[in-house]
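Okay, thanks everyone for making time. I'd like to walk you through a structure, so let me put it up on the screen and we'll go from there.

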Amino acid sequence: MKKTLIEELIAEENEPEEESFRVAFLLSLSIGILNACTWMSRGHVFASSQSGNLLYLGLDIAQGEFSNVIKYLFPPLMFGAGIVIAEHFKDHPHYLSWRRIPMIIEFTMITVATFMPDSWNDLANPIFGLACGLQAIAFRHIHNIPIATLAINGSYQNALEYLTRYLNIRDHEDAFRTVLYSSIVFTYLGGIILGGLLVPYIGHFVSLISAVLIAVSSLIVKKNAKQKHAIEDRS
């Protein structure tokens, strides 16, 4: 019996967990919550959208407002550091289930930064940026399809592109990718809405929810790694 597009999207049996929609859903939701938290409770800075931070930095410099240079410059710099760290683990195949190491660091960084007071925002926000940089490299595919869980610009563009192609050509793969990219957009948006609703009640501790979602994703990846190792040992 032929599967629907939604059933294909959530099917796990042919994909490693780190490239499954289940993990991508949790991570995209997590980053949406984190961005809402940092923007609303950490001085209007984005955790993952470094283009937004650089936009505000450039505008402030253009207007002669140099007081926010540290505020908007260091998150992108630390985001870059996160990319370098994650690439280190990716480029060393002797690390078993290498994605779990950046995930553990990401979880730790977000948790530590959460408990920093508001007066430490200039330190907390770069730490969040570092955590997002790690995720940018560790999770870049779903079902072997390139995708980002950190921002919706690319997914939004791809969703419209593949929707247009499907309407013109009626190719099943285009329909599948339309649903995939659209799902990430709405998941990320849902995380922003959820985070925005919770910040007035629990303040910057909303980012702990993001950390918990990352921890759950890490456990899913760990479980899959153990199953693969057990199969390899039996063979």
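Let's start with a pair of charged side chains: Arg165 and Asp174 meet in a salt bridge, at 3.8 Å from N to O. Keep in mind that this is a predicted model, so that distance comes from predicted coordinates. Are the two partners buried or exposed? Arg165 is partly exposed, with a relative accessible area of 35%, while Asp174 is buried, at 4%. In general, side chains of opposite charge can pair when their charged atoms come close.

How many salt bridges does the structure hold? The count is 2. The other one joins the side chains of Glu173 and Arg177, at 3.0 Å from N to O. Both of these residues sit in helix α8, 4 residues apart, which is about one turn of the helix. The general point here is that an α-helix has 3.6 residues a turn, so residues three or four places apart point the same way. Glu173 counts as partly exposed, at 34% relative accessibility.

At the start of α8, a side-chain oxygen of Asp171 comes to within 2.9 Å of the backbone nitrogen of Glu173. Then there's the helix itself. α8 covers residues 172–202, and at 1.5 Å a residue its 31 residues should span 45 Å; the end C-alpha atoms are 44 Å apart, which agrees. Just after α8, Gly203 takes a positive phi of about 60°.

Speaking of phi, most residues other than glycine have a negative one. Arg170 has a phi near 65°; Arg170 lies in the loop between α7 and α8, and is exposed, at 55% relative accessible area. His44 has a phi near 60°; you'll find His44 in the loop between α2 and α3, partly exposed at 41%.

Zooming out now. The protein has 9 helices and 2 strands, and from the N terminus the order goes α-α-α-α-α-α-β-β-α-α-α. Of the 235 residues, 45% count as buried. If you take contacts between residues at least 6 apart in sequence, 73% of them join residues at least 24 apart.

So what's on the inside? The largest nonpolar core has 33 residues, and those with the most contacts inside it are Leu34, Ile110, Phe128, Cys132 and Phe139. The elements giving two or more residues to this core are α2, α4, α5, α6, α8 and α9. Which one gives the largest share? That's α2, with 8 residues. There's also a second, separate core of 11 residues, including Phe21, Ile145, Tyr181 and Ile184.

The mean pLDDT is 85, and 84% of the residues reach 70 or more.

Definitions and conventions. Residues numbered from 1 in each chain as written. Predicted model: local features only at pLDDT ≥ 70, side-chain atom pairs only at ≥ 80, totals over all residues. Heavy atoms only, no water. Expected span 1.5 Å × (residues − 1). Polar contact = N/O pair within 3.5 Å; in protein donor to acceptor, adjacent residues only side chain to side chain. Core = buried A, V, L, I, M, F, W, Y, C linked by side-chain atoms within 4.5 Å. Buried < 20%, exposed > 50% of the residue type's maximum accessible area, 1.4 Å probe, protein only. pLDDT = per-residue confidence, 0-100. Salt bridge = Lys/Arg side-chain N within 4 Å of Asp/Glu carboxyl O. Contact = heavy atoms within 4.5 Å.
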